[in-house]
Amino acid sequence: EEHAATLVMLHGFTDTGKSFGSGWMPTLRQRLGNKLGRLKIVWLNAPTRSVSCYGADFKDRVPAWHDYFTDHGGDEGRPEIEEEIDVGHVEWSRARIHAVLDEEASLLGGDFGRVAVGGASQGCCMALDVALTHPRGGELAGVFASFGQLYSCTPIPKDRHHLRIVAFH
């Protein structure tokens, strides 16, 4: 059966789309039952990257939408201070996620009102950024924002006052 809407989901720092989705799907199936049938959920994967804030001794590469230059909320214990991030990585990820939203809307007859984006943690921050920076983001069905924030590098256009955002932390 043809899908009626798409939800694009962005995982958090060091997670994967598969892991994120496997945690969500049982609850979605239980709560939505048959209503889930025509909803297409796309669980995107961030690229694997080195993380600058952990220093040269940290050799692991982890899934991340962008690099962190600071770790205020971790080692410093100051989560109220916004982390310094690689804005170039944000822009790179943003462009690719915009392309996914465009492709999904195209599959739905160009109707961005049938496409939503959501995420948790770093994925939440990116979901907010993506919705606010997409040329047709104001037409999106909405944003699900869990355990994240709006980055100070994300421009807020004046035409987004109708964008629906469901957020919790």
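This report walks through the sheet, helices, nonpolar cores and aromatic pairs of a predicted model.

Five of them form an open sheet in the order 2-1-5-6-7, with parallel pairing. At the edges sit strand 2 (39-44) and strand 7, each of which pairs on one side only. On average, neighbouring strands of this sheet are turned by 15 degrees against each other, direction ignored.

Inside the sheet, five bridges join strand 5 and strand 6 in the parallel sense. Helix 1 (residues 17-32) lies across strand 1, strand 2, strand 5 and strand 6, and runs at about 150 degrees to strand 2.

## Helix 3

Helix 3 covers residues 122-133 and has 12 residues. From its first C-alpha to its last it reaches 16 Å, close to the 16 Å expected at 1.5 Å a residue. Is this helix mostly covered or mostly exposed? It is mostly covered, with 12 of its 12 residues buried; among them are Gln 122, Asp 129 and Thr 133.

What do these buried residues pack against? Their partners are strand 1 (5-10), helix 2 (87-107), strand 5 (115-120), strand 6 (142-146) and strand 7 (165-168).

## The nonpolar cores

The largest nonpolar core has 34 residues, of which Val 8, Leu 10, Leu 44, Val 117 and Leu 140 touch the most other members. Strand 1, strand 2, helix 2, strand 5, helix 3 and strand 6 each give two or more residues to this core. Helix 3 gives the most, with eight residues.

Leaving aside neighbours within four places in sequence, Leu 44 is in contact with residues including Val 8, Leu 10, Trp 65, Ile 97 and Val 100. A second, separate core of 10 residues includes Leu 7, Leu 28, Ile 41 and Ala 116.

## Aromatic pairs

The structure holds seven aromatic pairs. One of them joins Phe 20 and Trp 43 edge-to-face, at 5.6 Å centre to centre and 85 degrees between the planes. Because Phe 20 lies in helix 1 and Trp 43 in strand 2, this pair ties together parts that are 23 residues apart in sequence. Phe 20 counts as buried, at 8% relative accessibility.

The rings of Phe 144 and Phe 168 have centres 5.7 Å apart and planes at 55 degrees, so this pair is tilted. Phe 144 is buried, with a relative accessible area of 19%, whereas Phe 168 counts as partly exposed at 41% relative accessibility. Ring pairs link Phe 20, Trp 24, Trp 43, Phe 144, Phe 147 and Phe 168 into a cluster.

Definitions and conventions. Residues numbered from 1 in each chain as written. Predicted model: local features only at pLDDT ≥ 70, side-chain atom pairs only at ≥ 80, totals over all residues. Heavy atoms only, no water. Helix = DSSP H or I, 4+ residues; strand = E, 2+ residues; numbered from the N terminus. Expected span 1.5 Å × (residues − 1). Buried < 20%, exposed > 50% of the residue type's maximum accessible area, 1.4 Å probe, protein only. Contact = heavy atoms within 4.5 Å. Pairing = 2+ DSSP bridges. Axes fitted to C-alpha atoms, helices over the stretch in contact; angles between N-to-C directions. Core = buried A, V, L, I, M, F, W, Y, C linked by side-chain atoms within 4.5 Å. Phe/Tyr/Trp six-rings, centres within 6.5 Å; stacked < 30°, edge-to-face > 60°.
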